[in-house]
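Biologist: Can you put the model up? I'd like to go through a few spots with you.

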Amino acid sequence: MRRVSVRGLLDLIHIIEWDLMKLKHQTLFVAMRTTWFILQVLVFGTTISMLVRYAQGFNYYDFYLLGVFTSLIYSVSIARGYEVADEFDEGIIEYHLALPVKRSTLALGRVLGGSISSFLFTLPMFIFIMILIQPGNWLWIPVSLVAIYLFSAGVVGMAITIVLSVKSTDATDILMGVIDALLIRLSTVFYPAPILAKIMPYYYSALINPVTSLSDFLRVLFLPEYVVYTSLPPQAQLAYIVGLAVGFSYLATYIVSRKLEAGGWR
Amino acid sequence: MASSILVIASRDLKRFWSYKFWLAGQVVMNVADIVIFGLLFNNMVNRSLIPDYIKFVTPGILSLALFISSFSIGREVGVELRREVTDYLLSLPVSRLELVLGRFVGGAFRGLIYQSGFLVLAMLLVGQPSPAAWLVIAYTSILLSLAMSGLSIALSTVTRDFNLQATIRSVVYYMLFFFSNIFYPTQVVSMRFGPLAPFVAYSPLSIATTLYRWGFGYLRDVDVVSNMLLLGVWTIVLLILSSVIYLRNLTRRG
């Protein structure tokens, strides 16, 4: 029994490594992505902030910084879905299914590997945001990193679940496009919760949106005076992020273990 | 010559429809920019700078929609280069100039067709253009779509590495997008960019957005002729440069 567990753990590590190795070959890509994120924050962020006049003592730029980082970790994590779609197209998923590895281990390995990759990918951008924000309490940094990682695991799990359920490049394209367009815009990434509350359907959509939970949770940690502009109490936001990670990791594991068969990609 | 160019362009246009799902996603994103981002941001902007953000941003979204759809051809040209489909294209019974112009026109058609729905939306949200203004809008759309299609094609042939191609396109895309007046007005551009403000105000996307804002009646005091001439100069320069780069890279090995 013990030998089986060790073998399972080794398999899991190998699958995680497989995702991480892909990141290693993308050094230039990461460098360029970091550059244009910095450009976005320094050019678009500072300029759009000059337009905003919302409330006394409200600095839109600080508010925007943590929101835009949330949208970045979301986009990088959801992009794993496109990679899985490419792998299906190229027959790599079939190769993975043929490996002498338990399907649950394979699914968990992909979720963990994809989320660790996404997390490492965005780490330089996180450091840049922290330099700009200059947090009052450095102890919140490890807490925020855990929340960011859990959020990433949830989004990667969601992307894998969607792609492997629909098994179609076209359907993946449209679903991911629509989800991407709506989740970022119907969240507190760019606007405070009281602004969203002026249009109730938008506000309720934002409340159940995981992107809102992470961006508001990061704001509560690093900009505690902005708690009045957030949607839910921090405990609820954190619970939502943990639920997202556990729920979608389980769902991805279920789909790979019980539903997924080779072939049939459209 | 014109028929060869049209044949090449129609091939690219047909392929555009095979991306209907990608297109649907783009439409959702652009509409969401107006009905979600615009509507909510309208409650936060300084009214002395922008009295109505939806009316302000809608012509900007017209530029953005045209830009994104014209730029989409670059990805396919990049894939062709990697898979050596370019050898097949070079063997077609058309001259190289016809091939290059056909590709540019194909990209421009995509932009114009994609943008047409947003023109109707702009009419509903911003205002009804006069017949003369429609001519200016048509001129702006044709030139901008040609310039962006050419630029995207040229950039995609700089390297055969797919990731690098995508990254170069994205960097240029974001540079043009951030350093433009799509989301912010001239006063803010002047405050933020100081001596560099004229470079932002006279980038191709900014000129097109200014002309659209004038065309739909959001702006009144615009030097339309100068802006049109400048957009013409931009388009000619970008098309010449793009042709040279694309022609050179079409026949380059390795």
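Biologist: What does A:Ser152 touch, leaving out residues up to four places away in sequence?
Modeller: This is a predicted model, and in it A:Ser152 touches A:Ile73, A:Ser77, A:Ser115, A:Ser118 and A:Phe119.

Biologist: Where does A:Ser152 lie, and is A:Ser152 buried or exposed?
Modeller: A:Ser152 lies in helix 6 of chain A, residues 140–166. Its relative accessibility is 0%, so A:Ser152 counts as buried.

Biologist: And A:Gln134, where is that found?
Modeller: In the loop between helix 5 (103–133) and helix 6 of chain A. A:Gln134 has a relative accessibility of 62%, so it counts as exposed.

Biologist: What is phi of A:Gln134 near?
Modeller: Phi of A:Gln134 is near 50 degrees, which is a positive value in a residue other than glycine.

Biologist: Staying in chain A, at what angle do helix 2 and helix 3 pack?
Modeller: Helix 2 (residues 27–49) and helix 3 (residues 60–90) of chain A pack at about 145 degrees, and their axes are 10 Å apart. The crossing of helix 2 and helix 3 of chain A is right-handed.

Biologist: Which residues meet there?
Modeller: From helix 2 of chain A they include A:Arg33, A:Phe37, A:Val41, A:Phe44 and A:Ile48. On the helix 3 side of chain A, A:Tyr60, A:Tyr64, A:Val68 and A:Leu72 are among them. By class, the contact of helix 2 with helix 3 of chain A has 12 nonpolar, 4 polar and 1 charged residues.

Biologist: Over to chain B. Where is B:Phe56, and what does B:Phe56 touch?
Modeller: B:Phe56 is in helix 3 of chain B, residues 53–71. Leaving out residues up to four places away in sequence, B:Phe56 touches B:Ile50, B:Asn181, B:Ile182, B:Phe183, B:Tyr184, B:Pro185, B:Arg213 and B:Tyr218.

Biologist: Why does B:Phe56 count as buried?
Modeller: Because its relative accessibility is 3%, and buried means under 20%.

Biologist: What lies over the face of B:Phe56?
Modeller: B:Arg213, at 3.7 Å from the ring centre. Elsewhere in chain B, B:Arg192 lies over the face of B:Phe193, at 5.3 Å from the ring centre.

Biologist: How many aromatic pairs does the structure hold over all chains?
Modeller: There are 40 aromatic pairs over all chains. One of them is B:Phe179 with B:Phe193, a tilted pair at 5.7 Å centre to centre with 50 degrees between the planes.

Biologist: What does that pair tie together?
Modeller: B:Phe179 lies in the loop between helix 8 (162–178) and helix 9 (186–193) of chain B, and B:Phe193 lies in helix 9 of chain B, so the pair ties together parts that are 14 residues apart in sequence. B:Phe179 is partly exposed, with a relative accessible area of 23%, whereas B:Phe193 counts as buried at 7% relative accessibility.

Biologist: Last one, B:Glu76. Buried or exposed?
Modeller: B:Glu76 has a relative accessibility of 5%, so it counts as buried. B:Glu76 is found in helix 4 of chain B, residues 73–82.

Biologist: What does B:Glu76 touch?
Modeller: B:Arg15, B:Tyr19 and B:Arg110, with residues up to four places away in sequence not counted.

Biologist: And how far apart are B:Glu76 and B:Val188?
Modeller: They are 112 residues apart in sequence, and 37 Å apart in space, C-alpha to C-alpha.

Notes:
Residues numbered from 1 in each chain as written. Chains lettered and ligands numbered in written order. Predicted model: local features only at pLDDT ≥ 70, side-chain atom pairs only at ≥ 80, totals over all residues. Heavy atoms only, no water. Axes fitted to C-alpha atoms, helices over the stretch in contact; angles between N-to-C directions. Helix = DSSP H or I, 4+ residues; strand = E, 2+ residues; numbered from the N terminus. Left-handed = near helix turned anticlockwise from the far one by under 90°. Contact = heavy atoms within 4.5 Å. Nonpolar A, V, L, I, M, F, W, Y, C, P; charged D, E, K, R; others polar. Phe/Tyr/Trp six-rings, centres within 6.5 Å; stacked < 30°, edge-to-face > 60°. Buried < 20%, exposed > 50% of the residue type's maximum accessible area, 1.4 Å probe, protein only. Lys NZ or Arg CZ within 6 Å of the ring centre and 35° of its normal.
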